[in-house]
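Hi everyone, thanks for coming.

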Amino acid sequence: MNAEWAPERETTPAQAAALIGARFPRLRGVPARPLATGWDNTVFQVGDRLFRFPRRAVAVPGVEREIAVLPALAGRLPLPVPVPDLVGEPSPEFPWPFWGAPMIPGRELADSGLPQDRRARAAADAGAFLRVLHAPDLAAEFGDRLPYDPFRRGVPPERAARAAERLGRLARRGAWERDRAVEALLDAARTMPEPSGPAVLSHGDLHVRHLLVDGEGRACGVIDWGDLCLADPAVDLSLAYGGFAGPARRAFLDAYGPVAREREDAARVLAVMLCAALAEYAAATGRAALLRESLEGIGRAARD
């Protein structure tokens, strides 16, 4: 069986450079350097820009949402986000849209090596960012262009079932040891209600790969908006529990504002599922730093 992240179309650096050069003459001849790879997209650096190419057809609607919404949204947010300003339309050479944007400097939190006792600044920045993103006026302005929680990430029983499956596979391959706190959280999630309240504008997939940090330990960007949607705030607040602990988590929540208990519970369950998914991906693709961070995140999410 193919892995969930197996590409339907793999874009090489040479192919990316040719596609970009054909569509944008001023970039003709500029090499494309591999920058990052995920489940759904491959990213290249071309000069001082990044270009994002879908790897799977399921990612195309998300790419289209990024192109449609991010240029208008970016100026409203307190951290940099990608601003697609060079759009490659589908063609016989590449059947899906792709886009280019100015580079955002920084490293994924997952790869930064930033220890928990130095994460409070990034956590506070992330909490303040989400406070703005989740403001009612943004949901009212952009909501009619977006689906509502299409992967049902705000529904704890469904996320818990997926998390348990992933943790079982990780345990069978010897990558994860059973954790009573995690198992108790997932057991409780079977009867957890879906959080109630108005939907907000949601990144939709906010985890340690999508928050960028700089050398001073500050958050400096939020990337990969392919799951942009309307959702309960819990969907984004999962980062507070999977990415941060102790004083860093308190700094996040102080900057964000009060979080109701049912929303916290849903965010914790989703954090376990997202970290388990990242751990599976990291274990299969040989990404040691991401594996270590993701396994730690599973445990963090179940503890105060």
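Cys275 counts as buried, at 8% relative accessibility; buried means under 20% relative accessible area, exposed over 50%, and partly exposed in between, using a 1.4 Å probe and protein chains only. This is a predicted model, where local features need pLDDT of at least 70, side-chain atom pairs count only at pLDDT 80 or more, and totals for chains, interfaces and linings use all residues. Residues are numbered from 1 along each chain as its sequence is written, and side-chain values use heavy atoms, leaving out hydrogens and water.

Now the helices, which are DSSP runs of H or I, at least four residues, numbered from the N terminus. The axes of H8 (residues 234-242) and H10 (residues 261-285) come within 7 Å and cross at roughly 70°. Axes here are lines fitted to C-alpha atoms over the stretch in contact, with angles from 0 to 180 degrees between N-to-C directions. Contact means heavy atoms within 4.5 Å, and the residues making it include Tyr241 of H8 and Cys275 of H10.

Finally, H4 (residues 120-133) has 14 residues and reaches 20 Å from first C-alpha to last, close to the 20 Å expected at 1.5 Å a residue; that expected span is 1.5 Å times one less than the number of residues. Among its buried residues are Phe129 and Leu130.

Terms used
Helix = DSSP H or I, 4+ residues; strand = E, 2+ residues; numbered from the N terminus.
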